[in-house]
Amino acid sequence: MVPARPKLAVWKFASCDGCQLTLLDCEAELLAIAQQIEIAYFLEASRATVAGPYDLSLVEGSITTPEDAERIQEIRAQSNTLVVIGACATAGGVQALRNFADVADFADAVYPHPEWLSTLPTSDPVSEHVFVDFELRGCPISKAQLIEVVTALLHGRAPTVPRHAVCIECKMRGTPCVMVTHGTPCLGPVTQAGCGAICPAWSRGCYGCYGPMEASAPAPLARRWREELSVAPLDVQRALRTFNAASAAFRTESERHG
Amino acid sequence: MAESRTLRVDALARVEGEGAMTVRVVGDRVETVHLDIFEPPRFFEGFLRGRSFLEPPDITARICGICPVAYQTSSCNAIEDALGLEVEEGVRDLRRLLYCGEWIQSHALHVHLLHAPDFLGYESAIHMAADHADVVQRGLNLKAVGNDLMEGVGGRAVHPVNVRVGGVYRAPSRADLEAFRDALERALEDAIATVAWVGTFDFPELHQEHPFVALHRPDRYAIEDGRLISSTGLDLAPHEWPEHFEERQVEHSTALHAVMDGEHRYLLGPQARYALNHDQLSDVAREAAYAAGLGRECRNPYQSIVVRAVETVEACHEALAILDRYEPPERPYREAEPREATGHGWSEAPRGLLYHRYDLEADGSIRSCTIVPPTSQNQASVEDDLRRFTEAHLHLPDDELQWRCEQAIRNYDPCISCATHFLNLTIERHG
C-alpha cells in the first residue's frame with residue numbers, strides 16, 4: 001500500500017490573495033510539490049475538496065467579522081499544524097488601520113448603507129483567536145521561505161527562517177545603506193529580514209512589510225529620522241502604520257509621533 | 001404539486017477570493033440571480049483619508065495580490081493628474097513593461113490553472129497535469145516569465161516596490177531589460193501555442209449583448225492609460241467618469257455595483273478590449289486570434305479564454321517592442337509640490353478598467369478617494385449570463401448545470417479579493 005501523502009489545506013480570510021498566490025507562483029516546483037503532498041483544500045486552485053482533518057493548514061488573512069472568528073476555530077480544530085502566512089494573518093494587515101479609528105466612520109466613508117455590513121471593530125491577527133504553530137511574515141511572503149516552511153514542517157523539523165534585520169540582507173547583497181549615503185528614511189534596522197532587502201536595492205527605504213524584528217527598537221530610529229533626516233512627526237507615524245500597523249513594536253512607537 | 005429541486009455548491013473554486021451565488025429556478029424560468037459578495041470589508045477608501053499623496057501606490061496595491069500593478073498605475077495616474085505632473089517617456093515604457101508582466105502572469109494563471117480545467121473536465125490544473133503535464137508546465141513557464149519581468153522592473157512579483165508618484169524609484173538600464181529578451185521570445189511562442197490550444201476547446205453557446213467599455217489609444221493596445229470608449233459611443237477623459245458612471249450599494253453584498261448612463265449592464269475586460277481595440281492589436285496577436293476562430297469581436301463569454309490567450313500574445317509582443325525602444329529616463333521620477341486638487345486616473349487591469357479618484361488637501365494629504373474595481377462593474381453582466389445560460393440549459397442534469405454555471409462565473413476571471421469574498425453557488429429549482 002502506498003503511504004498516505006500529508007494533507008495540505010489553504011484558507012483565506014480578509015486579505016488580497018497575494019500570499020496564497022505565492023504558492024501558485026512556485027512555477028518550477030508546483031507539480032513536484034503536488035506529487036509529495038495531497039492538496040486537500042485550496043479553493044483558489046481546485047474545486048475538489050477533501051474533508052479534514054488536515055496535516056498542515058496555511059491561513060492567509062486577518063479576522064475581521066464575527067463569522068470569520070467562528071470559522072478560524074473550526075479550522076484550528078481540524079488542523080494538526082496551523083501556519084499563518086503574511087502580514088494580514090500575522091499582524092492584522094493594512095486593514096488593521098481601522099484599529100486606530102472608529103470603524104463606523106470608515107464604513108460611512110465607503111458604503112451608503114453601512115448598517116448592511118457585518119464587521120468587527122478591529123482587524124486581528126489569527127493568533128489573537130487560536131493557537132498558531134508558526135508565523136511566516138511578509139506583505140507578501142517570500143516564495144523561498146514558504147517552500148522552506150512547508151518542507152520543514154512536513155519533515156518534522158523546525159523551519160529555518162532568519163529573525164535578524166533587513167540591514168543584514170543589505171550587507172549580504174552589497175547594497176550601500178540608503179540612509180547613510182542618501183539620507184533616505186529606512187525601516188530596515190527594525191524590520192525582520194526575509195524579503196531579500198528589495199527596497200534599498202531599488203533606491204528606496206524599507207517600508208517595513210515584514211514587520212518588526214525580534215527585540216525591535218524603533219524609538220532610536222524614529223528619533224534619528226526626526227532629528228537628522230528632518231522627517232515630520234506625522235510622516236514617522238505614517239511609516240510605522242502600514243501593513244504591520246497593529247504589531248506591538250510599530251504600534252507603540254507610532255503613538256509617540258503624529 | 002410539481003417537484004422542486006435545490007442545487008448547492010458550498011464554495012466556488014478557482015477564482016481569486018470567495019463569494020456567493022444563488023440561482024432560483026421556477027418551472028422553466030429563472031426567477032432571480034444574485035451574485036452575493038461577502039468580502040469582509042477592508043475599508044481602503046476609509047483609511048486612505050489623511051494619508052499622504054505619495055502612499056496610494058503601495059497601499060492600494062494591497063487590495064489585490066493578483067493585479068497590484070493595476071492599482072499602482074491607476075493611483076499614480078490619478079494623483080499625477082491632480083498635481084499636473086507629466087512623467088517621462090522612459091518611465092511610461094517602464095510602467096507599461098511592468099504592466100505587461102502583470103498581464104502575462106495573470107492571464108497565464110487564469111487560462112491554465114483556473115479556467116482550462118473546466119473545458120477539459122478536471123477539478124484543477126493539478127488533476128489536469130496527470131494527463132496534460134506538458135501543457136500545464138508550458139502555462140506555468142509562461143506565468144513565470146510574467147513574474148520574472150515584474151521582478152526585473154518592479155522589484156518583486158506580488159506588490160512591486162518600484163512604482164512611485166511621478167515615476168519609478170530606480171530605472172533599470174537597457175542591459176538590465178535586455179536580459180529578458182530570450183525568455184520573452186520563448187514566452188511569445190508559448191503564448192501563440194496557447195491560443196491554438198484553447199481554440200480547440202468546446203464552447204457552450206451563449207451570445208452576449210452587453211455594451212463594451214474599454215480604454216483606447218489610437219497608437220497602441222491600451223493598457224496603462226488611454227481614453228474610455230464604449231460600444232454605445234462614449235469617448236471620455238478620466239475626469240468625465242463621474243458624469244457617466246455611478247456606484248450603488250445592494251444588500252447582501254460588500255461590493256458596490258456600478259451603473260453606466262442608467263444602463264445597469266456593461267462589460268469590461270478582455271472581450272471589450274479586443275473588440276474596441278482590434279485595430280491596435282499587433283499582427284502576430286491578430287493572426288493567432290483568427291487562426292483560433294475568433295472574428296473581429298467575441299460575444300461568447302465562454303470564448304473569453306481565447307481572448308485572454310490572444311492578449312497574452314499581445315503582452316509578450318509589446319514587452320519585446322519596449323525592449324527594442326527603451327531609453328532610460330533622465331531622472332527616474334519628477335516631483336511636484338502638493339496642492340489642493342482632485343485627480344482622476346485609470347488603467348486596464350487584466351480583468352478590466354480600474355478607476356481611481358483622489359481629492360487632495362493643500363498639504364498633500366488625501367481628503368477623500370474613490371476606487372472602482374472591474375469585478376464589481378462586471379457583476380451585472382455575470383448575473384445576466386447566468387440567467388440566460390441556465391434558462392437555455394435546464395435540461396442538463398444538476399451537477400453538469402452547476403459546473404457550467406461556475407464556469408460562467410470564471411469566464412470573467414473575477415477578482416473577488418478586489419470585490420468579493422465568499423462565493424457560494426446555489427441553484428434552487430421550484431416546480
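How many bridges join β6(B) to strand β7 of chain B? The legends below answer this and other points, using a predicted model.

**View 1. Strands β6 and β7 of chain B pair up.** Four bridges join β6(B) to β7(B). Strand β7 covers residues 227-230 of chain B. The two strands run antiparallel. One pair of residues to look for is H216(B) with its bridge partner R227(B), which lies in β7(B). Strands of a sheet pair through backbone hydrogen bonds.

**View 2. An open sheet of three strands in chain B.** The order of the strands is β6-β7-β8 in chain B, and the pairing is antiparallel. Which strands stand at the edges? They are β6 (213-216) and β8 (235-236) of chain B. Each has a single partner strand, so one side of each has no neighbour in the sheet.

**View 3. Chain A as a whole.** Chain A contains twelve helices and five strands. Its radius of gyration is 20 Å, close to the 18 Å that the globule rule gives for 258 residues, so chain A is as compact as a globular protein of that length. Along the principal axes, the C-alpha atoms of chain A fill a box of roughly 70 × 50 × 25 Å. Of the 258 residues in chain A, 52% are buried. Take the contacts in chain A between residues at least 6 apart in sequence: 70% of them join residues at least 24 apart.

**View 4. Two domains meet in chain A.** Domain 1 spans residues 7-154 of chain A, and domain 2 spans 166-254. The centres of the two domains of chain A, taken over C-alpha atoms, are 25 Å apart. Domain 1 of chain A brings 15 residues to the contact, and domain 2 of chain A brings 13. Which helix gives the most to the domain 1 side? Helix α4 (residues 87-91) of chain A does, with three residues. By class, this side of domain 1 of chain A has seven nonpolar, seven polar and one charged residues.

**View 5. Chain A touches chain B.** The contact takes 51 residues from chain A and 52 from chain B. On the chain A side, α1 (18-24), α2 (30-36), α5 (103-110) and α9 (198-201) each supply at least two residues. How do the residues of the chain A side divide by class? There are 29 nonpolar, eleven polar and eleven charged residues.

Definitions and conventions
Residues are numbered from 1 along each chain as its sequence is written. Chains are lettered from A and ligands numbered from 1 in the order in which they are written. This is a predicted model: local features need pLDDT of at least 70, side-chain atom pairs count only at pLDDT 80 or more; totals for chains, interfaces and linings use all residues. Two residues are in contact if their C-beta atoms, placed from the backbone, lie within 7 Å. Ala, Val, Leu, Ile, Met, Phe, Trp, Tyr, Cys and Pro count as nonpolar, Asp, Glu, Lys and Arg as charged, and the others, Gly among them, as polar. Domain bounds come from an automatic or database domain assignment. Two strands pair if DSSP finds at least two bridges between them. The radius of gyration is taken over C-alpha atoms; the globule rule is 2.2 Å times the number of residues to the power 0.38. A residue is buried if 20 or more other C-beta atoms lie within 10 Å of its own, exposed if 12 or fewer, and partly exposed in between; C-beta atoms are placed from the backbone.
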